[in-house]
Amino acid sequence: MSTPEPIITDLEKAAAILRRGDLLALPTETVYGLAGDARDDRVVAKIYAAKGRPSFNPLIVHAADTHALRRLGVFNAVADALAKKFWPGPLTMVLPMQPNAGIARLVTANLPTIALRIPAHPMTQALLRRIDFPLAAPSANPSGRISPTTAQHVANYFSADSVAGILDGGPCAVGLESTIIDLSGDVPRILRPGRIGIADLRALLPMVSTAQPDDAVTAPGMLAQHYAPRVPLRLGYDNPCTNEALLAFGPDIPHGFKAVVNLSTRGDVIEAAANLYAALHALDQPEKYNGIATMSLPETDLGQAIHDRLRRAAHTGGSCKT
Ligand code: TXA
Ligand code: MG
């Protein structure tokens, strides 16, 4: 059988894994990423292989600072302003790629654009400074499974055959993947909602638009099954069925469920976002539960970002049958 990959905290060991062209799972403030040298097609191919990811789905490139990213993407005035305001942080910008960016073709899946981000997690910041090359890093889950927000989630997904190490930086503070904004066209477009909401962006960008959820061409990674647990998930919680679990929010919990995991008993959306994927990991046990019912969240930006993930998760799951 395959051996589990070591969970480590030593930055030099982590850097060595990346320098020799192996894959390292690492913490970011959003979710754990499955990282490798973004310049090397063979390394990037290992990422796709480990994730079982369709190869048309491009990856985000991470670096320590804007200086490093200017060599990869063409920044316009809007990109400069957003970088200044939100980086390091949970924002990814899609920009035209620089000629001679030196990025492996597989990273961008042959698109003329590149997705860039500076993660805020201090361990990963320190690691990026140590290695001095950019990292391609999708979320560290097999394609079609829930994003990991702890080192243990990652360890449950992969063996040492595919992932050489997991850098443990504790639970992710944000807990939802970064907001993605596409600045490569005429009008800035949000491709994926996240902690940085449309209101935050509108302060700098009155023109920003939101992509439709089924706009699969420009945001290939927004496929419904990317967020789906194996246990069928439904939006709503009326008429619980046998062995159904509840993903709850707030102090008032309906009765009749086999198990309840509360995203935030005090009704705090930020806490709910941070807990979302850990809660889904905990409830994704087909041998125990027939289904997952969900309570609704406030209609704030972040509440909607959480709903966006739940809607995608529910899409393929359907509801449980008794
Ligand atoms: O928070 C995050 O963004 C995490 C951490 C690890 O940084 N990463 C992450 O990566 O969520 P991933 O691969 O699971 O999602 C990347 C998204 C996908 O939806 C992909 O389609 C989109 O970014 N993307 C990447 N490059 C793109 C491009 N050039 N144009 C449009 N979308 C792009
Ligand atoms: Mg992902």
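Me: How many salt bridges does the count come to?
Reply: The count comes to 18 salt bridges. A salt bridge here is a side-chain nitrogen of Lys or Arg within 4 Å of a carboxyl oxygen of Asp or Glu.

Me: What kind of model is this, and how are things numbered?
Reply: The model is predicted: local features need pLDDT of at least 70 and side-chain atom pairs count only at pLDDT 80 or more, while totals for chains, interfaces and linings use all residues. Residues are numbered from 1 along each chain as its sequence is written, chains are lettered from A and ligands numbered from 1 in the order in which they are written, and side-chain values use heavy atoms, with hydrogens and water left out.

Me: OK, which residue does Asp22 meet in a salt bridge?
Reply: Lys46, at 3.0 Å from N to O. The pair links distant parts of the chain, 24 residues apart. Asp22 is in the loop between helix 1 (11–19) and strand 2 (24–26), and Lys46 is in helix 2 (residues 41–51). Helices (H or I, at least four residues) and strands (E, at least two) are DSSP runs, numbered from the N terminus.

Me: Why does Asp22 count as partly exposed?
Reply: Because its relative accessibility is 22%. Buried means under 20% relative accessible area, exposed over 50%, and partly exposed in between (1.4 Å probe, protein chains only). Lys46, at 35%, also counts as partly exposed.

Me: What about Asp37, buried or exposed?
Reply: Asp37 counts as buried, at 8% relative accessibility. Its side chain meets that of Arg39 in a salt bridge, 2.8 Å from N to O. Arg39 counts as partly exposed, at 45%.

Me: And which residue does Asp40 form a salt bridge with?
Reply: Arg42, with the closest N and O atoms 3.7 Å apart. Asp40 is partly exposed at 22%, whereas Arg42 is exposed at 66%.

Me: Which residues are linked in a network of salt bridges?
Reply: Glu177, Asp308, Arg309, Arg311 and Arg312.

Me: Changing topic. How many strands are in the open sheet, and in what order?
Reply: The open sheet has 11 strands with mixed pairing, in the order 1-8-2-3-7-4-6-5-9-10-11. Two strands pair if DSSP finds at least two bridges between them.

Me: Which are the edge strands?
Reply: Strand 1 (7–8) and strand 11 (209–210), each of which pairs on one side only.

Me: What does strand 3 pair with?
Reply: Strand 3 pairs with strand 2 in the antiparallel sense over 3 bridges. The two form a hairpin, with 6 residues between them, and Leu24 stands opposite Ala35 of strand 3. Strand 3 also pairs with strand 7 (residues 135–136), again antiparallel, over 2 bridges. There, Gly36 stands opposite Ala136.

Me: Why is strand 3 largely enclosed?
Reply: In strand 3 (residues 33–37), 5 of the 5 residues are buried, so the rest of the structure largely encloses the strand.

Me: And what joins strand 4 to strand 7?
Reply: 2 bridges join strand 4 (residues 60–62) to strand 7, and the two run antiparallel. His62 stands opposite Leu135 in strand 7.

Me: Now helices. Where is Thr124?
Reply: Thr124 is in helix 6 (residues 122–131). The residue is buried, with a relative accessible area of 2%.

Me: What does Thr124 touch?
Reply: Leaving out residues up to four places away in sequence, Thr124 touches Leu26, Pro27 and Pro119. Touching means contact, that is, heavy atoms within 4.5 Å. The Thr124 side chain also reaches the backbone oxygen of Pro27 at 2.5 Å.

Me: Which other residues of helix 6 are buried, and what covers them?
Reply: Met123, Gln125, Leu127, Leu128 and Ile131 are among the buried ones. The cover includes helix 1, strand 2, strand 4, strand 7 and strand 8 (165–167). Just after helix 6, Asp132 takes a positive phi of about 65°.

Me: Last one: where does helix 9 bend?
Reply: Helix 9 bends by about 45° at Asn275. The bend is the angle between axes fitted to the seven residues ending there and the seven starting there.

Methods. A polar contact is a pair of N or O atoms within 3.5 Å; within protein, one must be able to donate a hydrogen and the other to accept it, and residues adjacent in sequence count only if both atoms are side-chain atoms.
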